[in-house]
Amino acid sequence: MIASDVDGTLLGPLEVLSERTIGVVRRVAAAGVPFVLASGRPPRWIAPIATPLGLTGYAVCANGAVLYEIGTDRIVAIHGLLEPQLLHDTVSALDHALPGCRFAAERVGESALDPEMRNFVIEPDYHNPWGDHEGTEAPRAEVLGHPAIKLLISRRGMNSDEMARAAREVLDGSVDITYSTNTGLIEIAAHGITKATGLAEVAERLGVPAERVIAFGDMPNDVEMLRWAGHGVAMANGHRYALDVADEVTAPNSEDGVAQVLERWF
């Protein structure tokens, strides 16, 4: 089984898939080898990546909180929901540790875009590093008032490394803190929920042992996945945390590092 992060790994610097990467992923699928997207992205952001790659199987979304079946547009499993009380307690602690931070909540229903649900709710002045073009703005009480698969925290003027260090000092292991960009955004998940736990579920469903998995990633939210897989591959453009735990470092995403490795076999 092949597992890959999306942003900074499978996508190039301009956030597009190269023809070389598309070609090798399609050859992987044609050979009958499962190719699983493992991303911090929510299910609603999977189709633009999966469609050109021809993927219809599983995707591990929201850093392991959601297992999504692409071809049927179905949420297969949800793990580690953040309940409102935990959200409120977490935000109260972060308000002291990161004054001026703003919050958003990612929610999921039965499909990638559930018409019965507001999937992404943000409070005023929340800053999205990928562009402030989505999300339903709402008061903080509404952001925290329903179960979420992920809590996102933005803070202008800080990088994500600094934010994560400050958050860990006050949250004390009650939740898991990670990030997929270093531009002032951290992500909160239920304790013990990672891309590795999500991929382990996929591997069990498909009957693939962990030692037969190759995983690719570049950021701190990929660390557990790279450790878990039989062969963990970090991108040369990756964060030092990913580079430190990888079995191999491939070329950067700007040079199709994922494709360079997979072309050994496909």
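These legends describe close-up views of one predicted model.

The model is predicted, and local features need pLDDT of at least 70, side-chain atom pairs count only at pLDDT 80 or more, and totals for chains, interfaces and linings use all residues. Residues are numbered from 1 along each chain as its sequence is written, and side-chain values use heavy atoms, with hydrogens and water left out.

**View 1**
Helices (H or I, at least four residues) and strands (E, at least two) are DSSP runs, numbered from the N terminus. Two strands pair if DSSP finds at least two bridges between them. Strands of a sheet pair through backbone hydrogen bonds, either parallel or antiparallel.

**View 1. Strand 9 and its two partners.**
Strand 9 (residues 150-154) runs antiparallel to strand 11 (residues 185-190), and four bridges join them. Ser-154 has Leu-185 as its bridge partner in strand 11. Leu-152 stands opposite Glu-187 in strand 11. Strand 6 also pairs with strand 9 in the antiparallel sense, over five bridges. There, Glu-106 has Lys-150 as its bridge partner.
Five of the five residues of strand 9 are buried. Lys-150, Leu-152 and Ser-154 lie on one side, and Leu-151 and Ile-153 on the other. Buried means under 20% relative accessible area, exposed over 50%, and partly exposed in between (1.4 Å probe, protein chains only).

**View 2. The hairpin of strand 3 and strand 4.**
Strand 3 (58-61) and strand 4 (66-69) pair in the antiparallel sense over four bridges. Tyr-58 has Glu-69 as its bridge partner in strand 4. Four residues lie between the strands, and Ala-62 in the turn has a positive phi of about 55 degrees. Asn-63 sits in the loop between these strands. Its phi is near 55 degrees, a positive value in a residue other than glycine. Asn-63 is buried, with a relative accessible area of 5%.

**View 3. The hairpin of strand 4 and strand 5.**
Strand 4 and strand 5 pair in the antiparallel sense over four bridges. Val-66 stands opposite Ile-78 in strand 5. Asp-73 lies in the loop between strand 4 and strand 5 (74-78). Asp-73 is not a glycine, yet has a positive phi of about 50 degrees. Asp-73 is partly exposed, with a relative accessible area of 34%.
Both faces of strand 4 are covered. Val-66 and Tyr-68 are buried on one side, and Leu-67 and Glu-69 on the other.
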